[in-house]
Amino acid sequence: MNTNPTSSNTTIIWDLPTRLFHWGLVAGITTCWISASWLDNAMTLHIWAGYFTLSLLLFRMMWGFVGSETARFSHFLRMPKHVISYASTLTLRQPSKHPGHNPLGGWSVIILLAASLFMAITGLFANDQVSTWGPLAHRVTDDLSDRITDWHRTGFDILTAVIGLHLTAIAFYRFYKQDNLILPMITGKSTAPSMRPMVRVGNLRALLMYVISTGIVAAVVLAG
Ligand code: HEM
Ligand code: HEM
């Protein structure tokens with residue numbers, strides 16, 4: 001890891017792998033939703049988009065341990081006292097001076113990841129009673145697969161609510177706190193002048209992690 005925070009990329013707060021993960025996740029979940037709820041006969045697309053989403057989520061979990069500073073769980077998962085103290089400053093109309101997720105946002109990331117992961121895993125055991133079975137649906141009884149399919153449907157309502165909250169929070173930061181969080185998630189660069197730079201690790205490590213997570217998804221599918 002490059003431990004020199006004053007090196008060239010002084011305003012980068014999100015590394016490329018984290019940004020690619022985020023927008024890939026948005027594309028994956030949106031494709032899953034459209035293919036299952038709006039298109040006819042698009043379950044093959046649904047399943048492939050689901051595998052893609054699962055591979056991204058596995059990658060993100062590994063990146064949370066070995067990725068750049070702001071991607072690490074240890075960086076953004078803070079004790080309740082920090083969360084409460086941050087929450088008490090929420091109404092101040094000023095942008096954050098720290099790179100990465102704030103103490104409240106950190107826990108919302110975990111909820112987003114958990115709800116997305118729940119969808120991707122239950123999908124593996126789901127069936128549509130017609131022509132589509134997740135690769136592991138035959139590994140459990142028909143009754144259990146039907147029950148997991150119900151969880152998959154209810155899980156999507158929960159995920160939709162969590163995403164709604166996520167977008168509301170981003171709009172709150174943009175319009176109330178005058179803090180544009182979206183641009184940094186696209187460019188990687190902070191818009192705040194006083195932002196401290198983060199410590200980064202190389203993209204090759206991310207590529208290796210993604211190859212491993214794709215391998216895990218392939219192994220699960222082939223085992224089904
Ligand atoms: C994050 C990833 C996923 C999301 C957001 C998602 C979302 C959805 C949604 C919205 C539905 C329609 C539910 C309804 O009918 O009301 C659905 C159905 C379904 N999904 Fe997924 N899904 C995901 C991953 C997967 C995966 C990985 C598989 C299998 C490999 C899968 C298999 C199925 C099946 C078989 C159904 C049909 C169940 C039914 O008849 O309602 N899904 N999914
Ligand atoms: C399917 C919908 C979405 C999901 C599941 C989702 C999920 C996530 C997750 C898991 C993170 C944490 C990133 C990380 O550390 O890896 C995140 C952060 C973020 N997302 Fe989303 N997101 C969604 C849609 C969007 C959209 C549409 C926007 C833009 C309008 C957006 C803007 C952001 C921003 C700005 C952050 C960084 C927040 C911060 O500065 O702490 N997201 N999102």
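Me: What makes a space a pocket in this predicted model?
Reply: A pocket is an open set of grid points with protein on both sides within 12 Å along at least five of seven lines. About 640 Å³ of space lies in the second largest pocket. Of its 28 lining residues, Ala-36, Met-43, His-46, Gly-123 and His-152 are the closest to its centre.

Me: What makes Met-43 a lining residue of the second largest pocket?
Reply: Lining residues have an atom within 4 Å of a point. Met-43 is listed among the residues that line this pocket, so it has such an atom.

Me: Which helix gives the largest share of that lining?
Reply: Helix 2, with 6 residues. Helix 2 spans 43-66. Helix 1, helix 5 and helix 6 also supply at least two residues each.

Me: How do you know what classes line the second largest pocket?
Reply: The lining has 15 nonpolar, 11 polar and 2 charged residues.

Me: What is the volume of the largest pocket, and which residues lie nearest its centre?
Reply: About 1,400 Å³ of space lies in the largest pocket. Its lining has 49 residues, and His-22, Ser-108, Leu-112, His-166 and Ile-170 lie nearest the centre.

Me: Which helix supplies the largest share of the lining of the largest pocket?
Reply: Helix 6, with 12 residues. Helix 1 (16-37), helix 5 (103-125) and helix 7 (182-187) each supply at least two.

Note on methods:
Residues are numbered from 1 along each chain as its sequence is written. Chains are lettered from A and ligands numbered from 1 in the order in which they are written. This is a predicted model: local features need pLDDT of at least 70, side-chain atom pairs count only at pLDDT 80 or more; totals for chains, interfaces and linings use all residues. Side-chain values use heavy atoms; hydrogens and water are left out. On a 1 Å grid over the protein atoms alone, a cavity is a set of points where a 1.4 Å probe fits but cannot get out, and a pocket is an open set with protein on both sides within 12 Å along at least five of seven lines; lining residues have an atom within 4 Å of a point. Grid points are joined across faces, edges and corners, and a volume is the space filled by probe spheres set on the points. Helices (H or I, at least four residues) and strands (E, at least two) are DSSP runs, numbered from the N terminus. Ala, Val, Leu, Ile, Met, Phe, Trp, Tyr, Cys and Pro count as nonpolar, Asp, Glu, Lys and Arg as charged, and the others, Gly among them, as polar.
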